[in-house]
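We will walk from stop to stop, with something to pick out at each one.

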Amino acid sequence: MNKIYRPQRSTWKEVLKRPTQTVADIEGTVDTIFKEVRQGGDQVLRKYTQKFDGVELDDFAVSKSEVKAAKSLVSKELKEAILLAKGNIETFHRAQITEKVEVETMNGVKCWQEKRPIQKVGLYIPGGTAPLFSTILMLAVPASIAGCSEIVLCSPPDGSGRIAPEILYTADLCGVTQIFKVGGIQAIAGMTFGTESVPAVYKIFGPGNQYVTVAKQLATKFGVGIDMPAGPSELLVVADNSANPAFVASDLLSQAEHGVDSQVILVSTSEEMITAVEKEVERQIIDLPRRAMAQKAIDNSKLIYVEDDPEAVALINEYGPEHYIVCAENEDFYIDNILNAGSVFIGNYTPESAGDYASGTNHTLPTNGYAKQYSGVNLDSFQKSMTFQKISEEGIQGIGAAIELMAEAEGLQAHRNAVTLRLESLK
C-alpha cells in the first residue's frame, strides 16, 4: 500500500484520487451500444451477450421452472442466512415509512404531501466475478415495501447461459416480477428503451463497473431516473491506537476483493497503527481466494498519517467515502463531524460486511466522491413525493390579492386573471 505522511491540504486532491477511468474513456462505447439497442432491440442484446458474456441466448427471460430448480441448489443454511438478512432489511426500511404531511397554511388553504410508488423499476445485479445476490435484498425489499408494481431484474449469464441460483432464489423471495439474463451496458440500455423481451422502466437501480455507471448516467438523458452513480466499491477507515489492527486490515481487504478498481484507505493519527495494519494486510491477503484481485486494489490504496483528529475528519470529508469505518477513541468527534459519507460503521465490532449483508442498512451507496451530494438507497428512492392543495372560498379571498400582485409583477396576466375571475364570482 502507498504510505503518505502529513499530506499538505494543497495535495489532498491528488492524494485522494480514485483509480478510475474518466468518463471520456468509456462514454464512446456506451453511446454506441445504446444507439444499437434502441434501434435493434433483442438482436443487439444477443450480439453483446455473445461478445461480453460468451454465450448465445435465444430467450433472455428466466422461466418459472429455472427459478424452481435454482431453489433446490441453495443450501438450507444459506437460505436461513438470507431470510435473517431479509428480515432485518425489512425492519429497517419499514421504519422509514412516513405518514401524510398535512397543514393549513392559512384559513381555507389546505396543503398536504403524500408518497406514491414508482410503478416500474429496474434492478441491475452484477454477476461477473461474484454473484451479488445480497444486492437484490437491498433493492427488491424496499421496492416491494414501497409498492412498486413492476420490479424487473437484469443480471449477466454465465458461460452456460445461466444466472447463479442464489440470485434467482433471492429474487423470487423478494418479489421480483421479471428476471432477464442480460448484463452490462446492454442491460441498462434495454431497461432504458425497452426491447421485444426486456420492458422499459422508469428508474434503474444497482451497482456495477465503470461501464455500467456511465450507462446509467446516459440513461438519464432518455428520461429514465437512476439511484445514483454507483461505481467501483471503496472504503475508508479512520483508526487510532484504540483499534485492533487485524480487524482494520480485514475490513480493508473485504473491500479490496470486490475488484481491481476498488480503493481502500486507512487514515490514522498513529504511525504505529499504520505499520501494524500494513503487516496484517500482508499476512491476511495470502489466504484469500481472490488474492490476485485484492492485491491490485491494495496497490491502488493508501495509508495516510495525519497529526490530529480535526485534520483527519477534514481529509475524510474531502474524500467522501462510500463506506466509512470509525475505530477511534474519540468516536463521537468523528461521527458528529462527518458530512460526506455513504454509510458509517462505528466501533471495533462493526465490520463493513455487516452493512453489506445483514444488519439492515442498505449497501447500495454513492461512490467516487458522490457521497457529497447523493444519499444511499432508501425507501424514498422507490417513491415520489406528491403535493396536493385545496382552497376554499375563504382561502382564495385571503390569498388571492397577493397572487394577483405577484403575477402582475412578473408580467403574467393570465395567471392574474385565473384568480381575479374567482374573486369576482364571490362578490
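Start by selecting A402, which is found in helix α16. Helices here are DSSP runs of H or I with at least four residues, strands are runs of E with at least two, and both are numbered from the N terminus. A402 is partly exposed, at a relative accessible area of 40%; buried means under 20%, exposed over 50%, and partly exposed in between, with a 1.4 Å probe and protein chains only.

Before moving on, a word about what is on your screen. This is a predicted model, in which local features need pLDDT of at least 70 and side-chain atom pairs count only at pLDDT 80 or more, while totals for chains, interfaces and linings use all residues. Residues are numbered from 1 along each chain as its sequence is written, and side-chain values use heavy atoms, with hydrogens and water left out.

**Stop 1**

Select residues 393–409 to show all of α16, which lies across β2, β3 and β14 and runs at about 95 degrees to β14. Contact means heavy atoms within 4.5 Å; axes are lines fitted to C-alpha atoms, for helices over the stretch in contact, and angles run from 0 to 180 degrees between N-to-C directions.

Those strands form an open sheet of 3 with the order β2-β3-β14 and antiparallel pairing. Two strands count as paired if DSSP finds at least two bridges between them. Colour β2 (101–106) and β14 (383–391) as the edge strands, each of which pairs on one side only. The average twist from one strand to the next is 25 degrees. Next, pick β3 (residues 109–117), which is joined to β14 in the antiparallel sense by 9 bridges. To find one of the pairs, show R116, whose bridge partner in β14 is K384.

**Stop 2: the parallel sheet**

Move on to the open sheet of 5 strands, in the order β6-β5-β4-β7-β8, with parallel pairing. Its edge strands are β6 (178–181) and β8 (225–226), and each pairs on one side only. Select β4 (residues 120–124) and β7 (residues 203–205), parallel strands joined by 3 bridges. G122 has I204 as its bridge partner in β7.

At the start of α9, zoom in on N209, where a side-chain oxygen comes to within 3.0 Å of the backbone nitrogen of Y211.

**Stop 3: a β-α-β unit**

Select β12, helix α14 (residues 331–337) and β13, which make a right-handed β-α-β unit. Right-handed means that, with the strands pointing away from you, the path from the first strand over the helix to the second runs clockwise. β12 (residues 323–327) and β13 run parallel and are joined by 4 bridges; the partner of Y324 in β13 is V344. In β13 (residues 343–346), S343 and F345 make up the covered face, and V344 and I346 the uncovered one.

**Stop 4: salt bridges**

How many salt bridges does a search of the whole structure find? It finds 18, counting a side-chain nitrogen of Lys or Arg within 4 Å of a carboxyl oxygen of Asp or Glu.

Show E234 and R18 first, with their closest N and O atoms 2.8 Å apart. E234 lies in strand β9 (residues 234–239) and R18 in the loop between α1 (12–15) and α2 (23–40), so this pair ties together parts that are 216 residues apart in sequence. Both E234 and R18 are buried.

Next come K86 and E90, at 2.7 Å from N to O. They sit 4 residues apart in helix α5 (residues 76–94), about one helical turn. K86 is buried at 15%, whereas E90 is partly exposed at 23%.

Finish with R6, E271 and E307, which are linked in a network of salt bridges.

Methods: A polar contact is a pair of N or O atoms within 3.5 Å; within protein, one must be able to donate a hydrogen and the other to accept it, and residues adjacent in sequence count only if both atoms are side-chain atoms.
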